[in-house]
Amino acid sequence: MATSKGGSRKLLWLMVILVILSSSVAAAVIYLVLDQRDGAVLASTEAVPERRAPIFVKIDPFTVNLADDAYGSRLLYAGLSLKVGDEETREILEEHMPQVRSRLLMMFAGKQAGDLTDPGSKQRLGDQVMAVLDPPMTDHQPELVIEDVLFTEFIVQ
């Protein structure tokens, strides 16, 4: 019996040592996994660029006579905003707002109501607005950065 008691004590100590070792290994693995996940979150956070507020230039609504069609004289009431890429473009457009409005009125006056009400016409019209505002308004004017044309009001009557 003395041999069995000594054997069971050795077995008990061996099991205690194995439990301690396996607990230590499990704790180390959990620590490493959590540490890697935190590092990945920090790395992805650093890669996100700073949020930049969009810059809009509001053009007050205007009414323009459209070209005559089968229904006679028609009117367009339109308001729009331009999304610009930088402050310099915003300043140039605001300084030359009468010229901007004049160019837009001349462009819209040549349109017929049917051209403005069909599907996809607003997108084409937005492209035409950007093209009309592309030529310089003064000598030595830097290039305007107009990203989008947003129609805020649009009524054809």
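1. At what angle do the axes of α3 and helix α5 (residues 121–133) cross? They cross at roughly 135 degrees and come within 10 Å. That makes α3 oblique to α5; angles under 35 degrees count as roughly parallel, over 145 as roughly antiparallel, 65 to 115 as roughly perpendicular and the rest as oblique. Axes here are lines fitted to C-alpha atoms, for helices over the stretch in contact, with angles running from 0 to 180 degrees between N-to-C directions.

2. A word on the background: this is a predicted model, in which local features need pLDDT of at least 70 and side-chain atom pairs count only at pLDDT 80 or more, while totals for chains, interfaces and linings use all residues. Residues are numbered from 1 along each chain as its sequence is written, and side-chain values use heavy atoms, with hydrogens and water left out.

3. For a first look around, the chain has 5 helices and 3 strands, running α-β-β-α-α-α-α-β from the N terminus. Helices (H or I, at least four residues) and strands (E, at least two) are DSSP runs, numbered from the N terminus.

4. Back to α3 and α5: on the α3 side, Val 100, Arg 103, Leu 104, Met 107 and Phe 108 meet Leu 125, Gln 128, Val 129, Val 132 and Leu 133 of α5, where contact means heavy atoms within 4.5 Å. By class, this contact holds 8 nonpolar, 1 polar and 1 charged residues. Ala, Val, Leu, Ile, Met, Phe, Trp, Tyr, Cys and Pro count as nonpolar, Asp, Glu, Lys and Arg as charged, and the others, Gly among them, as polar.

5. Helix α3 (residues 97–109) also meets helix α2 (residues 87–95): their axes come within 5 Å and cross at roughly 80 degrees. The two are therefore roughly perpendicular to each other. Leu 93, Glu 94 and Glu 95 in α2 touch Met 97, Pro 98 and Val 100 in α3, a contact with 4 nonpolar, no polar and 2 charged residues.

6. Have a look at Ser 81 too, in strand β2 (residues 75–84). Ser 81 counts as buried because its relative accessibility is 12%; buried means under 20% relative accessible area, exposed over 50%, partly exposed in between (1.4 Å probe, protein chains only). Leaving aside residues up to four places away in sequence, Ser 81 touches Val 57, Lys 58, Asp 148, Val 149, Leu 150 and Thr 152.

7. Finally, the chain overall: 24% of its 157 residues count as buried. Among contacts with a separation of 6 or more, 73% join residues 24 or more positions apart.
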